[in-house]
Amino acid sequence: MRSWRLPVILLISVYILVFSVFSVGRYERYNSLGWDLGIFTNLIWNASQGHPLHNSVAEYDNMLAIHAPYITILFAPLMWLWADPRIILIAQTVILALGAWPVARLAARIFRSERVPVVGAALWLIYPALGWLNRWDFHEIAPAATFFAFAFEAAERRAWRPVTIWLLLALLCKEEVGLNVAFFGLFLLWRFRRQRRPALWRYSLVLVVVGVFWFVIHAFVLFPTLRGTALPIHAARYNWLLNLSPESIAATFTPTEILNRLAFLVKLLAPVGFVALLAPAALIVSLPTLALSLLSAYYAQYDIYTHYAAVIIPCVLVASIGGVFRLCSWLERHHLQGLCWSVRYVGTSAVLAGMAFSPFAAGTPAGYEIYGWDAGAHVTALETAKTLIPPEACVVTENNIQAHYSTRSETYVLGARGHDHDGCAYLLLDLGDQRYDDYTSGEQVACYQFWSGKRTPIFFQDTVVILQWNPAPGDAAAAQQMQAYCDDLVQRTTS
């Protein structure tokens, strides 16, 4: 075994341990969300029950009306082992951690040093955008980061069968990845432009055609057909581009928003000391994602705190390896002890950026509510409530609670589909934790349902209440506490 492999394996193991504990702890503190952990848990659970791509949480039951997360079908066997969201949080962590391996192998092929592969793996594992991708629940696009990292490494070895496998896996993650696969074909044309091999050119062109077809058939045929509309569900984020009116452009690209978009690019490149710009060929693959992000009117798309930058991550890291090599070569030609100094420069940049944009920050970034181990939910009462709700019953609950009830056929986030799901057997709310009133006021819904006689309180503890659809046995103490809470709510809202 080469000397770099053991340290890389140890780094990967430490990452898996740290982020698994962190992600599971975040979930157990009721800081993970139904939108999106609950959505994908429900998708994967339904796939394990023989109902692939079906969910009850997102805007439509058929997920193919929104996105193309075929990868959730491959995760389904995990639910046979443990039907719980925590297993897919751990699985995501393992997959993202494994992306360090192809990065290290790629560095080992380019450099003769045994130290650089370890640095490359460390850069992957401490890269802030990867940490935030792992921190914020589970997303279907996340595995694509690792799949593309393996594809880059295999392409460097001219191992075209593994390249094809990794790119096919990436395609299964999301419809827009088709564009990244198409641009991977363009990357290959540029990377091997000096090699006059017709077979390679044909292979690259096939990737371009297949990738574009994959995106177009989903975004402009399948999704709109299933929804009965002319455009994909997220087309509204690009209304300014569809209208091209001066007013819509000015409203989208204010000076502040332009600065936010530039800050997004800095957050992507600063952790690698901007050396990715010295060998930008790999960044070609990220261009569709960058375009979709920078042109979007939705602020979360042009920042590193969500999942939208997933495919950009391997491109930046692979480009950085090439950039370090070019920087080393230049420094050595000028007798400046090239490799040592360049690695130190990138490592220092990574540490400073990691401190500035750490995914383990106690607070949340401005404009976001991506809580970590923050307190706020009444965990003891919520865990007690779990014992009172049958495992097959319909549950409608708040955004941060729904993920805990996502392995059942009917499970909803309160207000997310525009109604309160009358008839669903159980309404579960943590009235005292109002951090997640994303779609409607849980307090107002609970009191209305209670006063209207639609539901009866069967449990009330630490402001956690279960309201059962009538007829229900009821609980006198819970009803009394609910009455007192709602009376107080009226006083607070009218005073």
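Predicted model: local features only at pLDDT ≥ 70, side-chain atom pairs only at ≥ 80, totals over all residues.

Me: How much space lies in the largest pocket?

Reply: About 1200 Å³.

Me: How many residues line the largest pocket, and which lie nearest its centre?

Reply: The lining has 48 residues. Nearest the centre are His-234, Arg-237, Tyr-298, Gln-301 and Tyr-308.

Me: Which helices each supply at least two residues of that lining?

Reply: Helix 2 (34-48), helix 11 (198-227), helix 12 (239-243) and helix 15 (287-294) each do.

Me: And how do the lining residues of the largest pocket divide into nonpolar, polar and charged?

Reply: There are 31 nonpolar residues, eight polar and nine charged.

Me: Next one. What volume does the second largest pocket have?

Reply: Its volume is about 570 Å³. The second largest pocket is lined by 21 residues, and Arg-191, Ala-279, Ala-281, Gly-322 and Arg-326 are the closest to its centre.

Me: Which elements give two or more residues to the lining of the second largest pocket?

Reply: Helix 5 (100-110), helix 8 (142-156), helix 10 (177-191) and helix 16 (312-333). Helix 16 gives the largest share, six residues.

Me: What about the classes in the lining of the second largest pocket?

Reply: That lining has 14 nonpolar, two polar and five charged residues.

Me: OK, cavities now. How many of 30 Å³ or more turn up in the whole structure?

Reply: The search finds three.

Me: Which residues line the largest cavity?

Reply: Ala-107, Phe-111, Val-116, Val-119, Gly-120 and Leu-123 are among them. The lining also includes Leu-317, Ser-320, Ile-321, Val-324, Val-343 and Val-346.

Me: Which helices each supply at least two residues there?

Reply: Helix 6 (116-126), helix 16 and helix 17 (338-356). Helix 16 also came up with the second largest pocket, where six lining residues come from it.

Me: How many charged residues are in the lining of the largest cavity?

Reply: None; the lining has 10 nonpolar and two polar residues.

Me: And what lines the second largest cavity?

Reply: Glu-398, Asn-399, Val-413, Leu-414, Tyr-436, Asp-437, Asp-438, Tyr-439 and Thr-440. By class, four of the lining residues are nonpolar, two polar and three charged.

Terms used: Residues numbered from 1 in each chain as written. Heavy atoms only, no water. 1 Å grid on protein atoms, 1.4 Å probe; cavity = no way out; pocket = protein on both sides within 12 Å on 5 of 7 lines; lining within 4 Å. Points joined across faces, edges and corners; volume = space filled by probe spheres on them. Helix = DSSP H or I, 4+ residues; strand = E, 2+ residues; numbered from the N terminus. Nonpolar A, V, L, I, M, F, W, Y, C, P; charged D, E, K, R; others polar.
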